[in-house]
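The following exercises are to be worked with the sequence and the structure at hand. Each task is followed by a solution in steps.

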Amino acid sequence: VDADVVVLSDPFVGLPSNYDMVWSWGGHMDPTQPLPPSSPFIRPPRCDTDFTPGRCYVNTGFYYVRPTSRSIAFFQRAEELCFSGRPTQLGDRDDQTYVNEMLKADEAAGGQLNYTLACFNPCRWTNGNTFFKFHVPHKVKAEPAVKPVSVHANFL
């Protein structure tokens with residue numbers, strides 16, 4: 001959990017047990033609007049369900065990982081990449097960049113690790129753009145009202 005994540009309620013209640021990793025939404029766009037496709041592997045997040053299966057625009061500020069052989073292998077590879085000294089495609093050397101590069105590399109290789117991914121509901125586990133700029137979940141009309149679980153104060 002990043003230091004700039006404000007937790008408003010227990011984020012571990014109702015976590016799915018059928019995914020190896022569940023990631024926060026990291027997109028700069030309004031998740032309630034249609035998103036441009038950038039990869040056949042990236043699915044737009046959904047605000048009407050707690051978890052969207054598959055990969056979204058991943059943010060490493062808050063994520064949940066079950067200790068499975070697949071998730072352990074994923075993070076062992078990420079650690080090897082991190083300490084290899086090899087610059088990333090973007091030139092950055094932070095966890096966000098390494099995790100996204102790992103996911104892209106695994107997609108390009110046909111999903112060799114066979115891990116299962118999901119993304120948190122971006123209207124409940126929000127990032128800074130979602131909460132402060134686009135005013136989600138305030139504008140989502142739902143019954144019962146959408147109550148945020150956490151706010152990541154990034155993108156401010």
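**Exercise 1.** How many bridges join β6 to strand β7, and do the two run parallel or antiparallel?

*Solution.* The model is a predicted one.
Step 1: Strand β7 comprises residues 150-152, and two bridges join β6 to β7.
Step 2: The two strands run parallel.
Step 3: Within this pairing, tryptophan 125 stands opposite serine 150 in β7.

**Exercise 2.** Determine the order of the strands in the open sheet of three strands, and state which stand at the edges.

*Solution.* 
Step 1: The order is β1-β7-β6, with mixed pairing.
Step 2: β1 (5-7) and β6 (125-126) each have a single partner strand, so they stand at the edges and one side of each is left without a neighbour in the sheet.

**Exercise 3.** Classify the aromatic pair formed by tyrosine 63 and phenylalanine 75, and state where its two members lie.

*Solution.* 
Step 1: The count of aromatic pairs comes to 11.
Step 2: Tyrosine 63 lies in strand β4 (residues 58-65) and phenylalanine 75 in helix α1 (residues 69-83), so the pair ties together parts that are 12 residues apart in sequence.
Step 3: Phenylalanine 75 also pairs with phenylalanine 74, edge-to-face, at 5.0 Å centre to centre and 80° between the planes.

**Exercise 4.** Is phenylalanine 74 buried or exposed?

*Solution.* Phenylalanine 74 has 0% relative accessibility and counts as buried, whereas phenylalanine 75 is partly exposed at 25%.

Technical notes:
Residues numbered from 1 in each chain as written. Predicted model: local features only at pLDDT ≥ 70, side-chain atom pairs only at ≥ 80, totals over all residues. Heavy atoms only, no water. Phe/Tyr/Trp six-rings, centres within 6.5 Å; stacked < 30°, edge-to-face > 60°. Helix = DSSP H or I, 4+ residues; strand = E, 2+ residues; numbered from the N terminus. Buried < 20%, exposed > 50% of the residue type's maximum accessible area, 1.4 Å probe, protein only. Pairing = 2+ DSSP bridges.
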